[in-house]
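Open the model in your viewer and keep the selection tool at hand. The stops below go one after another.

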Amino acid sequence: MNKIANRAWAATLLAIVLFLGLCTIVLRYFRDSKDWYLHQSNSDVYSGGHLNSGKVYDRKGTLLLNAENGRTYPDDALLRRSTLHLLGDVQGNIPDHMMEYYSDELTSYDLFGGTQDASNVSMTLTVNGQIQKAATDAMAGRKGCLGIYNYKTGEVICMVSGNTYDPLNPSEVDDSDAYAGVYVNRFISSVYTPGSIFKVVTSMAAIEQIEDLDSRTFFCGGSCVINNETINCNSYHGKLNFDRAVSKSCNVVFAQLAVELGPEIMQKYAEQAGIGERMLFDGFKTAAGGIDTEGVPENELAWVGVGQSTNRINPCQYMTLMGAIANGGVAAKPYVVSKIRCGQEETYRAATTMGDRIMTEELAARLDQALHGAVVESYGEWNFSGLYVGAKTGTAQRGGGLAANSLLTGYIKDEAMPYAFIVVIEGGGSGGRTCLPIMRQVINACLVAKDME
Ligand SMILES: [Zn+2]
């Protein structure tokens, strides 16, 4: 009897275990089956590590990529090269952040059917393919990046990383220096020594913290000595006021201002400007810059003030700072995916999100006066087709015998083109000489694109 009773108990226990197991499977099927379906090993959904996720268009409806089944690219080679770092490559050396991020919105999953029709899926980006091409063309294969965005709406109009290659011809990439770092999206993932474009941050601090700034007269004798170190200027500027120091990018004035402001104030304004923050949008995550003033001697603090030392900025983040100056102290957060359709349904539509206020309206207006003054006095309004522009160039020394990096950042105040921009050319030498012609070419493409809208 005992044996039978034991067996009955064992059989009941087994039945309970089996029943609970079945319940778990059914529950997990309802909860997790979409994740199982979307697993990278499912060849119905993924080809070569990439989601089969329909067609990707630019803001004008130009097809940039057909990812319905594997990846088919447009015939235009320049368009392919200029959107490579946005869309990723076939081999997976460059990730396609957007498709991974929006995999839910890009796939319709039916609990019982499980399949989707990829031909009815589309993603529309905020970039303009013509401007992408103009930027890549203007950069002419040099390393660096170029970004433009609408600081009122947040739409990224152009986001190009150079050097680049044709995703249909990946074998063109070799070990030569020309292709060094070619898989990196430099606009998003790089940090650079800012050089003189950092004088915008030093100016923020000086305008607010030095009461008699506007009535002061500075003197530049071509160099100055701080704590036994000689800080060289790009020229002999003689007597000059603050605005002229901005437009001439006088190192002597900005080195002295940084020392006068002190390490805490410099650090505070760099943080207020968002230099150390990462931006997150559509699966992209920017690298964080920063400055380090803790315990540094005055000569090093002077170099911080002119944008050298260990200062680092991320191009995408710095572009939004320029947007904030143009927009009265607060700018929209950037984004690049505007909408996603899956079958008959619109599964995603972007909305404008404003960033934090990073400066008062008064400070933004005063900076605008100085940066627009730099365009009028030094860079030439003709470089910007007569648009109202505020800008700052930078030539960032890299040491080690390497040619300086060239930078240019700024904004357009125009009803139809409220754009902030940044361009970096690695080893480009003088920021003005190298970057102004590039930006001129790209702004002309923006004007053409605007006329066509
Ligand atoms: Zn000077």
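A residue counts as buried if 20 or more other C-beta atoms lie within 10 Å of its own, as exposed if 12 or fewer do, and as partly exposed in between, with C-beta atoms placed from the backbone. Helices are DSSP runs of H or I with at least four residues, numbered from the N terminus. This is a predicted model, in which local features need pLDDT of at least 70 and side-chain atom pairs count only at pLDDT 80 or more, while totals for chains, interfaces and linings use all residues. Residues are numbered from 1 along each chain as its sequence is written.

Select helix 10, residues 251-261. Of its 11 residues, 10 are buried, among them F254, A258 and L261.

Now select A258. Apart from neighbours within four places in sequence, A258 is in contact (C-beta atoms, placed from the backbone, within 7 Å) with T202, M266, L301, A302, V304 and G305.

Next, select helix 8 (residues 199-209) and helix 11 (residues 263-272). At what angle do helix 8 and helix 11 pack? The angle is about 115 degrees, and the axes are 9 Å apart. Here axes are lines fitted to C-alpha atoms over the stretch in contact, and angles run from 0 to 180 degrees between N-to-C directions. Show the side chains: V201, M204, A205 and Q209 of helix 8 meet I265, M266, Y269 and A270 of helix 11.

Finally, colour domain 1 (1-33) and domain 2 (188-334 + 356-451), whose bounds come from an automatic or database domain assignment. Their C-alpha centres lie 69 Å apart.

Notes: Contact = placed C-beta atoms within 7 Å. Helix = DSSP H or I, 4+ residues; strand = E, 2+ residues; numbered from the N terminus.
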